[in-house]
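Please describe the helices, the nonpolar cores and the loops of the model shown here.

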Amino acid sequence: MLHKEIEEALNMQVASESDSSNLYLAMASWAETNGYEGSADFLYQHSDEERMHMLKLVKYINERGGHAKITSLGEPKRNFDSLTDVFEGLLNHELKVSEQINELVHICLQRRDYTTHNFLQWYVAEQIEEEALARSVMDKLKLIGNDKGGLYLFDRDVAQMSVISAAQNTAQ
Ligand code: OFO
């Protein structure tokens with residue numbers, strides 16, 4: 001049975017993963033309507049992954065005798081200045097999520113909930129992959145700057161980049 005504090009913290013994370021999914025969906029929509037098809041593909045896929053992260057939490061909470069609550073943190077940002085603005089936003093968002101996951105892990109240790117601690121290791125590994133991916137995308141964009149040809153090639157190639165999901169590397 002989940003401790004109330006842990007159930008609440010996990011439910012906060014459900015909302016956060018849903019928020020991530022919506023933010024990346026909004027970014028995908030902006031990219032698609034601004035002619036960046038490759039970036040849109042990348043972001044649509046990323047949005048789907050975040051929804052999967054949310055579902056995994058929902059199922060875990062319910063399996064452990066809690067009640068997963070479906071809430072929303074609000075409407076995501078709709079307009080972006082550039083692709084750099086989009087991917088900088090993505091990197092910063094992932095850094096924030098990593099902090100949230102670390103805080104969750106910390107609460108589990110305080111409450112001696114080693115089962116949830118073990119469950120959360122999947123998210124710890126996933127955040128390492130996602131931060132690394134977001135950083136490498138940003139490094140490419142920094143090199144390109146405002147070069148139109150470079151941005152065209154970036155957009156063509158970014159669709160092939162995806163998180164080598166920790167899910168595939170660890171037991172699923
Ligand atoms: Fe759910 O991993 Fe990104 O935010």
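A residue is called buried under 20% relative accessible area, exposed over 50%, and partly exposed in between, using a 1.4 Å probe and protein chains only. This is a predicted model, in which local features need pLDDT of at least 70 and side-chain atom pairs count only at pLDDT 80 or more, while totals for chains, interfaces and linings use all residues. Residues are numbered from 1 along each chain as its sequence is written, and side-chain values use heavy atoms, with hydrogens and water left out.

Helices are DSSP runs of H or I with at least four residues, numbered from the N terminus. Helix 1 covers residues 4–33, and its end C-alpha atoms are 44 Å apart, in agreement with the 44 Å that its 30 residues should span. The expected span is 1.5 Å times one less than the number of residues.

A nonpolar core is a set of buried Ala, Val, Leu, Ile, Met, Phe, Trp, Tyr and Cys residues joined through side-chain atoms within 4.5 Å. The largest one has 25 residues, and Leu43 and Phe87 touch the most other members. At least two residues of this core come from each of helix 1, helix 2 (37–63), helix 3 (83–110), helix 4 (114–144) and helix 5 (148–158). Another core, of 21 residues, lies apart from it and includes Ile6, Ile107, Cys108 and Tyr123.

Contact means heavy atoms within 4.5 Å. Leaving out residues up to four places away in sequence, Leu43 touches Tyr24, Met27, Ala28, Ala31, Val86, Phe87 and Leu90.

The axes of helix 2 and helix 5, lines fitted to C-alpha atoms over the stretch in contact, come within 6 Å and cross at roughly 35°. Such angles run from 0 to 180 degrees between N-to-C directions. Helix 2 contributes Glu37, Gly38, Ser39 and Phe42 to the contact, and helix 5 contributes Phe154, Asp155 and Val158.

| Residue | Relative accessible area | Class |
|---|---|---|
| Arg112 | Arg112: 65% | exposed |
| Lys69 | Lys69: 44% | partly exposed |

Arg112 sits in the loop between helix 3 and helix 4. Most residues other than glycine have a negative phi. Arg112 is not a glycine, yet its phi is positive, about 55°.

Lys69 belongs to the loop between helix 2 and helix 3. Apart from neighbours within four places in sequence, Lys69 is in contact with Glu7, Asn11 and Val14. The C-alpha atoms of Lys69 and Asp81 are separated by 34 Å, with the two residues 12 residues apart along the chain.
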